Amino acid sequence: MRRKNYLWSMLIIALSMLVLAACASEPDESEGNTSADGGEQSGGDLVIATVSDAVSLDPAGANDVPSFDVQYNIFEKLVNYDQDMNLLPSLATEWETIDDTTWEFKLQEGVTFHDGETFNAEAVKVNLERSLDPEVGAPASYLIEMIKEINPVDDYTVHIKTEYPILGLPAHLAHSIGAMISPKQIEEDYAAMEDGENPGSVINANPIGTGYFKFDEWQTGQYIRLVKNEDYWDGEANLDTVTFKVVPEDLTRIAELHTGESHISNPLSSSDIDQIEQEENLEVYQQSSVSLDFLGFNMNKEPFSDKRVRQAISMAIDKAQIIDGVANGYAQEAVGPLAPDVVGSAEGLTGLDYDVDAAKELLEEAGYPDGFSTTLWTNETRERTDIATNIQAQLKEMGIEVSIEMFEWGSYQEKINNGEHEMFLMGWSTGTGDADAGLRPLFHSDNHGSAGNRFFIEDDELDELLVAGLQELDEEERFNIYEDAQELLVEEAPMLYIMHKDYLMAVNNSVKNLEMLPTKYLLLKDVYMEQ
């Protein structure tokens, strides 16, 4: 595994902001990008066949990739990422610390929301205060909970004061929790809350941001359609519309590629790669990720409250079978919770090895010499269903009888957030590329449920380590803290760490300039359809 020099990277980013700002601070007045031969690359209606519908289009109402993937095109944050997870200016042109607990952000001028409202320092204040509001209950608010004050200095300068020094604040603000919503719409949403509506009801029905696409229509369970923002401050997108079409079945998504009903299948099952590669007009898109696929245990329910049972299951599963048989090798085996490219991923971490005999001994020690019966939940995707079936077969050899239950994505999230499950399959994308976002939401006891801790682990030592890692400014000490946390998590085994898989899509050759971040979000501004 590769250890990244976190503090040095942050210093380089900070020093380069003035140069980057010079490139980013003025809007691009061009009407469309041009190709190498001078032809204009604009127009087209892109259809992306996705496996799951969004849960919410309110950035404060979701904590899942299908929702964030759509939101990414409607809303913008102060800070953004490139494909190497480096921080870039977005609605902020530059940023710096002016004392130990105060960050200063300089903002883009001339930016308006889709409803004509002005983006400025007051809009930043309104948005961040809403994301922190307990009445709103944003599941990802843990990323910015250290913010104590948001103070506009002038129209385009804002100071953000934190409870303690934190180098990673700009990275946290690059997460969807930092998305900027029209202040007028936020006011309307609060008014609806006073009338008894749920938080986000107004925003979810017609989300208004500053992004290069605007919301057009959402037919729940069918599609979400976005249209080009012709008044975008940094040059129009090429596409006229983008439709995220819900097509849960893998083979149906591929069939739609053949008929032209869809142009992208996201995701593509690795078992279908050979078929796609044989098609002249289709190609496979592959992106390494900062994700983790795992089998989670509800530690509030027996027998999973017993560490020996969790360890036994972790040691009874041959992860190579899943990687080779289900992911077809497009993944690497996970030892702990963090992908190798996540800052803070421990070098040389030793996991629980595959050892069926030792697993049986642990089960016997725990009082289950003949095994037990349990349920394994998953959402309706072929790959996760295949993983569930594989786990079911492997655990049967241990005397553990597993019943598999499948749910639609939104219902699935609600049930596991409420702790109704016993075992469940899920993935986690470390959205900031830093260990804090890959550990604290999943394992800190403050984050039970929708924030990420669906294992309901509660460990004082672990909590202390995760808070210490967040606040530590010394690079070497920070890595040591996170290494200790990862070793503890291997021992406690709240989940079986299965794999860090590559993201795969099937794409029609007419789709040009398509890119995906390691967090799985699609970059669609520069995409065009070749006629």
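Colleague: Where does Pro303 lie?

Modeller: Pro303 sits in the loop between strand S15 (291–297) and helix H9 (307–316). Keep in mind that this is a predicted model. The peptide bond joining Glu302 and Pro303 is cis, with omega about 5 degrees. A cis peptide bond also joins Asn266 and Pro267, with omega about 10 degrees, and Pro267 is in the loop between strand S13 (264–266) and helix H8 (273–277).

Colleague: Moving on to S17, why is strand S17 described as largely enclosed?

Modeller: Buried means under 20% relative accessible area. In S17 (residues 373–379), 6 of the 7 residues are buried, so the rest of the structure largely encloses this strand.

Colleague: What makes S17 and S18 a pair?

Modeller: Pairing takes at least two bridges between the strands. S17 and strand S18 (residues 401–407) are joined by 7 bridges, so they qualify, and they run parallel. One detail to look up: Leu376 has Ile404 as its bridge partner in S18. Together with helix H12 (residues 382–396), S17 and S18 make a right-handed β-α-β unit.

Colleague: And how do you know that S17 pairs with S19?

Modeller: Strand S19 (residues 423–429) is joined to S17 by 2 bridges, and at least two are needed, so that counts as a pair. These strands run parallel too. Here Trp377 stands opposite Phe424 in S19.

Colleague: Now the aromatics. How many aromatic pairs are there?

Modeller: The count comes to 18 aromatic pairs. Tyr72 and Tyr521 form one of them, with 5.7 Å centre to centre and 40 degrees between the planes.

Colleague: Why is the Tyr72 and Tyr521 pair called tilted?

Modeller: Ring centres have to lie within 6.5 Å, and 5.7 Å passes. Under 30 degrees would be stacked and over 60 edge-to-face, so 40 degrees makes the pair tilted.

Colleague: What does that pair tie together?

Modeller: Tyr72 is in helix H2 (residues 65–74), while Tyr521 is in the loop between strand S23 (515–516) and strand S24 (522–523), so the pair ties together parts 449 residues apart in sequence. Tyr72 has 8% relative accessibility and counts as buried; Tyr521 is buried as well, at 8%.

How values were computed
Residues numbered from 1 in each chain as written. Predicted model: local features only at pLDDT ≥ 70, side-chain atom pairs only at ≥ 80, totals over all residues. Heavy atoms only, no water. Buried < 20%, exposed > 50% of the residue type's maximum accessible area, 1.4 Å probe, protein only. Helix = DSSP H or I, 4+ residues; strand = E, 2+ residues; numbered from the N terminus. Right-handed = clockwise from strand over helix to strand, strands pointing away. Phe/Tyr/Trp six-rings, centres within 6.5 Å; stacked < 30°, edge-to-face > 60°.
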